Amino acid sequence: MKTLELIRDPVKDKVTVKCAEKEVSVYSRCAYCKFCNGVKVGKRVFPTPQKEKIEGIRRGNTPDEELMNAAMMFNTLIRDGSAILCEDDEGAGYTSMYDL
């Protein structure tokens, strides 16, 4: 597992990370990537909220609205966080969590 430091651009209100040799948006890529495992906020690491909810939706136990709430929670964690925990040790880059 690797730690990807968040790169903030306050002018464009954009947060990116270096992923597979290029800079990608945390909000549109990491949030929906199967390799994203958590967000580091201070000394704590919070698991990616979407992963838990997507599994619940597949089993039919979780309403769709909870996935949207999980995405908003992810955005809050990114706002306060400093890094992403990524399980992509092979450097494959973004892979959709919906293709699991």
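Buried means under 20% relative accessible area, exposed over 50%, and partly exposed in between, with a 1.4 Å probe and protein chains only. By that rule Cys-36 is buried, with a relative accessible area of 3%. This is a predicted model: local features need pLDDT of at least 70, side-chain atom pairs count only at pLDDT 80 or more, and totals for chains, interfaces and linings use all residues. Residues are numbered from 1 along each chain as its sequence is written, and side-chain values use heavy atoms, with hydrogens and water left out.

- Helices (H or I, at least four residues) and strands (E, at least two) are DSSP runs, numbered from the N terminus. Two strands pair if DSSP finds at least two bridges between them.
- An open sheet of three strands runs in the order 2-3-4, with antiparallel pairing. Strand 2 (7-9) and strand 4 (22-25) are its edge strands, and each pairs on one side only.
- Neighbouring strands of this sheet are turned by 35° against each other on average, direction ignored. Axes are lines fitted to C-alpha atoms, for helices over the stretch in contact, and angles run from 0 to 180 degrees between N-to-C directions.
- Strand 2 and strand 3 (residues 14-19) run antiparallel and are joined by three bridges. Arg-8 has Val-15 in strand 3 as its bridge partner.
- Four bridges pair strand 3 with strand 4, again in the antiparallel sense. Here Thr-16 stands opposite Ser-25 in strand 4.
- Strand 3 and strand 4 form a hairpin with two residues between them. In the turn, Ala-20 has a positive phi of about 50°.

- A second open sheet has four strands in the order 1-7-5-6, with antiparallel pairing. Its edge strands, each pairing on one side only, are strand 1 (2-5) and strand 6 (44-47).
- On average, neighbouring strands of this sheet are turned by 30° against each other, direction ignored.
- Strand 1 and strand 7 (residues 83-86) run antiparallel, joined by four bridges. Leu-4 has Ile-84 in strand 7 as its bridge partner.
- Helix 2 (residues 64-80) lies across strand 5 (36-41), strand 6 and strand 7. The helix runs at about 45° to strand 5.

**Cysteines**

- The structure holds zero disulfides, a disulfide being a pair of cysteine sulfur atoms within 2.5 Å.
- Cys-19 is buried, with a relative accessible area of 11%.
- The sulfur of Cys-36 is likewise too far for a bond, because the closest cysteine sulfur, in Cys-30, is 5.5 Å away.

**Gly-56**

- Gly-56 belongs to helix 1 (residues 49-59). Gly-56 is buried, with a relative accessible area of 2%.
- Apart from its neighbours within four places in sequence, Gly-56 is in contact with Asn-61 and Thr-62. Contact means heavy atoms within 4.5 Å.
- Gly-56 and Leu-67 are eleven residues apart along the chain, and their C-alpha atoms are separated by 9.3 Å.

**Ring geometry**

- Arg-29 lies over the face of Tyr-94, at 4.6 Å from the ring centre. A charge sits over a ring if NZ of Lys or CZ of Arg is within 6 Å of the ring centre and within 35 degrees of the ring normal.
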